[in-house]
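Subject: Handover of a structure and its findings

Dear colleague,

Please find below the structure that I am passing on to you. A summary of the findings follows it.

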Amino acid sequence: MAGTGSPSKVRCCIVGGGPAGMMLALQLARGGVDVLVLEKHADFLRDFRGDTVHPSTLRVLDSLGLMPQFERLPQRRETQLYARFADGMLAFADFSGLRPFPFLALVPQWDLLDLLASEGRKLSNFALRMRCEATGFVFENGDLSGPVVGVQARDADGNSFEIRADLVVAADGRHSILRRDALLPLRDLGAPMDVLWFRLPLAPGDPDVTHGVAGRGKFLAMIHRGDYWQAGLVVAKGRADALLADGGAPFRKLLVEADPPLAERAAALDIAKISTLTVSVDRLERWYRPGLLAIGDAAHAMSPIGGVGINLAIQDAVAAANLIGPALLGTQPITDAQLARVQRRREWPTRVVQTLQTQIQRRVIAPVLAQDGSAPAAPKWLRALLRWHAVRAIPAHVVGLGPRHDVAHFGAMERT
Ligand SMILES: Cc1cc2nc3c(=O)[nH]c(=O)nc-3n(C[C@H](O)[C@H](O)[C@H](O)COP(=O)(O)OP(=O)(O)OC[C@H]3O[C@@H](n4cnc5c(N)ncnc54)[C@H](O)[C@@H]3O)c2cc1C
């Protein structure tokens, strides 16, 4: 089996140990496929990643029999999401009607990835090489337009080597070098904003729920993490550097404008610990070529609206495992037709969600970011509309389950 240090041959090589890559690897390995994951980092410990585990992902974990392990992870559960206006809080999404998981779980992404990795390591046909970076492809006969037959990789000691694989999966995220080198056509849908992520301590009198603060010239997302706030200040694209200049004085001012009770915490904030998410929304027009499939952010970077990135990445992995897992059990090459089935299954929900996100970006976020001033009151019609549970259930359904969701079949544990 590959993955113990030496260059080798494997049935499926997955580049990227994020949610997409780890979920696909676990499912394939459980189904009996020899799989190797290359992850360039030494661990999964990265702050400010997608930590929003939606009901669609909970259903996947349940189908894999992993809910008992998941429930032991540190987490906070939200049944409603709120927007805060000048005249108070307004619940706009209500998950309580969703079954069997009527909530959204906030879980550190590294804990989720560690869980998937530790389940994978129980299997002899699963290998995960940390600090091992894919640097390019191996093409059949060295022909750049021919089938992909493996990857070139570099380990932590700087040793370069080849790994041959019948299928390479690019799960290497939004800055994927594999999708670039594969020359897969990319459609950029644009985004008018970037997000500055940071932690804030809780203080007496704070609301006890995850909420967004509506403002003019900014939005503030306040994700309640149990013992701290994960805060995201949404600002007009390209503005982040100027806000962080001068010791972060412009940033602190904007934060206090967004939420005046944060004044003391804004003054104490360590600007060096702020992480800028350059928002991009894009989608490959073709997710595959012979010997290669792209999934997750490598196939489609999502806007942070709705916190759907991790959940869509996991759905891609589940669809890929269900659709091509059986063929990977054999010895035949994986055909373009088989890879195309994965794109067909996942492209439509991706398009629907990206269309909703870009509409919200265009009609709500861009106009608000172009304004200046303090938070507005909630429009009366919105307050009246959101009194209805059925109305609040719609965004929860769209965000929580998405337009199409699958559970694991290939590699699922037998349920009792
Ligand atoms: C700051 C920030 C905040 C976010 N907040 C949210 C949120 O609240 N909710 C949400 O749902 N989503 C959020 N997202 C998006 C979410 O994290 C992604 O959509 C999701 O992680 C995508 O999963 P993935 O597996 O496709 O890619 P990634 O999670 O990006 O994983 C790709 C992996 O590939 C590895 N890699 C890259 N190149 C190579 C290489 N050449 N060789 C080997 N390994 C490589 C990377 O180290 C990484 O571990 C956020 C993203 C960022 C950056």
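A cavity, as the word is used here, is a set of points on a 1 Å grid over the protein atoms alone where a 1.4 Å probe fits but cannot get out. Please note that the model is a predicted one.

Cavity

On that definition, the structure holds 1 cavity of 30 Å³ or more. The volume of the largest cavity is about 80 Å³. Its lining is made up of 14 residues, and those closest to the centre are Ser56, Leu312, Gln315, Leu401 and Gly402. Three helices each contribute at least two residues to this lining: H9 (309–328), H10 (336–369) and H12 (389–400). By class, 8 of the lining residues are nonpolar, 4 are polar and 2 are charged.

Second largest pocket

Two elements give two or more residues to its lining, namely strand S10 (148–154) and strand S11 (160–170). Strand S11 provides the largest share, with 3 residues.

Domains and their interface

The protein chain is divided into two parts: domain 1 covers 9–46 + 109–188 + 281–365, while domain 2 covers 193–236 + 238–277. Taken over C-alpha atoms, the centres of domain 1 and domain 2 are 33 Å apart. The contact between them involves 8 residues of domain 1 and 5 residues of domain 2.

The size of an interface is often expressed as the accessible area lost when the parts come together. Between domain 1 and domain 2, the buried area is about 450 Å², and carbon and sulfur atoms give 87% of that area. On the side of domain 1, Arg174, Pro304 and Ile365 supply 71% of the area buried against domain 2, more than any other three residues. Which salt bridges does the rule find across the interface of domain 1 and domain 2? The count is 0.

Backbone details

Two places in the backbone may be of interest to you. Arginine 99 and proline 100 are joined by a cis peptide bond, with omega at about 0°. Proline 100 lies in the loop between strand S6 (88–94) and strand S7 (104–106). Leucine 183, a residue other than glycine, has a positive phi, near 55°. The loop that holds leucine 183 runs between helix H5 (177–181) and strand S12 (186–188).

With kind regards

Conventions. Residues numbered from 1 in each chain as written. Predicted model: local features only at pLDDT ≥ 70, side-chain atom pairs only at ≥ 80, totals over all residues. Heavy atoms only, no water. Helix = DSSP H or I, 4+ residues; strand = E, 2+ residues; numbered from the N terminus. Domains from an automatic or database assignment. Contact = heavy atoms within 4.5 Å. Buried area = accessible area lost by both parts, 1.4 Å probe. Salt bridge = Lys/Arg side-chain N within 4 Å of Asp/Glu carboxyl O. 1 Å grid on protein atoms, 1.4 Å probe; cavity = no way out; pocket = protein on both sides within 12 Å on 5 of 7 lines; lining within 4 Å. Points joined across faces, edges and corners; volume = space filled by probe spheres on them. Nonpolar A, V, L, I, M, F, W, Y, C, P; charged D, E, K, R; others polar.
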